[in-house]
Amino acid sequence: MAPRASRPSAVGRATLAFLCGLCEVEELPGSYLIEILGALGMSVSGARSYLARAVADGRLVSHRRGRQTAYALTGTLLRRYRTVERGFNGRPDWEGYFHIVIYDIPETRRSERDALRAAAFDEGWASPRPGVLLGMHPPGSWAGSAACSAGRLDVDPATARDLAVLAWPLDEAAQRIRRLDAHMDAVKARYHELDPSDDSHQALLARVAATHEMLSNVTYVWGTLPALPVEILPADYPHDVLTRITAEMGGPLMTSGARAAKRLLADHRGPGAQSR
């Protein structure tokens, strides 16, 4: 999927995780979210409806903090947020083996089989063939079924590379990385006139909006990339492009936007914060 084009409202289903990532938290005040969603093109009533839908469909949980309502990531969205965080901290090392789960679930229990596979894929596992799942870390509770047998598959690096190509969509991941690189260049060009020293309220909001446009695409792509050791990735995998994108995440636009987001968040957590 190509990076999304700009539109009147830049808010998507995972925007909440993007905003948490800017502030390096897993919970944000409702008043802050409504203001930032407004800067991304959403009306106040639209923002409130968006938050209500996120609570209803299990992306957020809400609770009171003093006079304010706070919204915390939960469920699948929280797991993916943490997966993305781990992705930015580097790839795992190749230790000479995959974790493996072999399952035997007949077609008559298709919904059970599909749920098992979905839970495994949500944790970064993949399938090189029907009935077999591979991962870089021990399986979660989904592998506790009597239909599953878990273990370790010791292989040499060449065999591991072959299995990785069969199991994970590495060609598609490489294409996403290259498209993201071009998109990030376009974002930087559009916002090159932003003044990082301007701490007026509107300037802070503008920097958060610019950073959201970049971060939303980066985190989307990061969430789809297989978290595999470099040693078992194909030789033509775009490591250089990925390194450049990673470096950009610590560049001036991202640093300025994260600083702006935290400044705005501090205003909503202060003694004069609004109740919403």
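1. Helices (H or I, at least four residues) and strands (E, at least two) are DSSP runs, numbered from the N terminus. Glutamate 24 is in the loop between H1 and E1. Its phi is near 60°, a positive value in a residue other than glycine. Most residues other than glycine have a negative phi. Glutamate 24 counts as exposed because its relative accessibility is 58%; buried means under 20% relative accessible area, exposed over 50%, and partly exposed in between (1.4 Å probe, protein chains only).

2. On provenance: this is a predicted model, in which local features need pLDDT of at least 70 and side-chain atom pairs count only at pLDDT 80 or more, while totals for chains, interfaces and linings use all residues. Residues are numbered from 1 along each chain as its sequence is written, and side-chain values use heavy atoms, with hydrogens and water left out.

3. The axes of helix H1 (residues 15-23) and helix H2 (residues 30-39) come within 12 Å and cross at roughly 110°. Axes are lines fitted to C-alpha atoms, for helices over the stretch in contact, and angles run from 0 to 180 degrees between N-to-C directions. H1 and H2 are therefore roughly perpendicular to each other (65 to 115 degrees; under 35 is roughly parallel, over 145 roughly antiparallel, the rest oblique). Thr15, Leu16, Leu19 and Cys23 of H1 and Tyr32, Leu33, Ile36 and Leu37 of H2 make the contact, where contact means heavy atoms within 4.5 Å. By class, the contact has 7 nonpolar, 1 polar and no charged residues. Here Ala, Val, Leu, Ile, Met, Phe, Trp, Tyr, Cys and Pro count as nonpolar, Asp, Glu, Lys and Arg as charged, and the others, Gly among them, as polar.

4. How much of H2 is buried? In H2, 7 of the 10 residues are buried, so this helix is largely enclosed by the rest of the structure. The buried residues are Gly30, Ser31, Tyr32, Leu33, Ile34, Ile36 and Leu37. Their cover includes H1, strand E1 (27-29), helix H3 (44-56), strand E3 (68-73), H8 and H10. Glycine 41, which follows H2, has a positive phi, near 100°.

5. The largest nonpolar core has 74 residues, of which Leu16, Leu28, Leu51, Leu73, Phe98, Trp168 and Tyr237 touch the most other members. Such a core is a set of buried Ala, Val, Leu, Ile, Met, Phe, Trp, Tyr and Cys residues joined through side-chain atoms within 4.5 Å. Helix H8 (residues 201-224) gives the largest share of this core, 10 residues. Another core, of 11 residues, lies apart from it; Val101, Tyr103, Trp142 and Ala143 are among its members.

6. The 21 residues of helix H7 (residues 170-190) should span 30 Å at 1.5 Å a residue, which agrees with end C-alpha atoms 30 Å apart; the expected span is 1.5 Å times one less than the number of residues. Buried residues of H7 include Leu170, Arg176, Leu180 and Asp181. Helix H6 (157-167), H8, helix H9 (239-248) and helix H10 (252-269) are among the elements that cover the buried residues of H7.

7. Valine 221 is in helix H8 and counts as buried because its relative accessibility is 5%. Leaving out residues up to four places away in sequence, valine 221 touches Arg176 and Leu180.

8. Leucine 153 is in strand E7 (residues 148-154). At 27% relative accessibility, leucine 153 counts as partly exposed. Beyond four places in sequence, leucine 153 is in contact with Gly96, Tyr97, Phe98, Ile100, Leu134 and Leu163.
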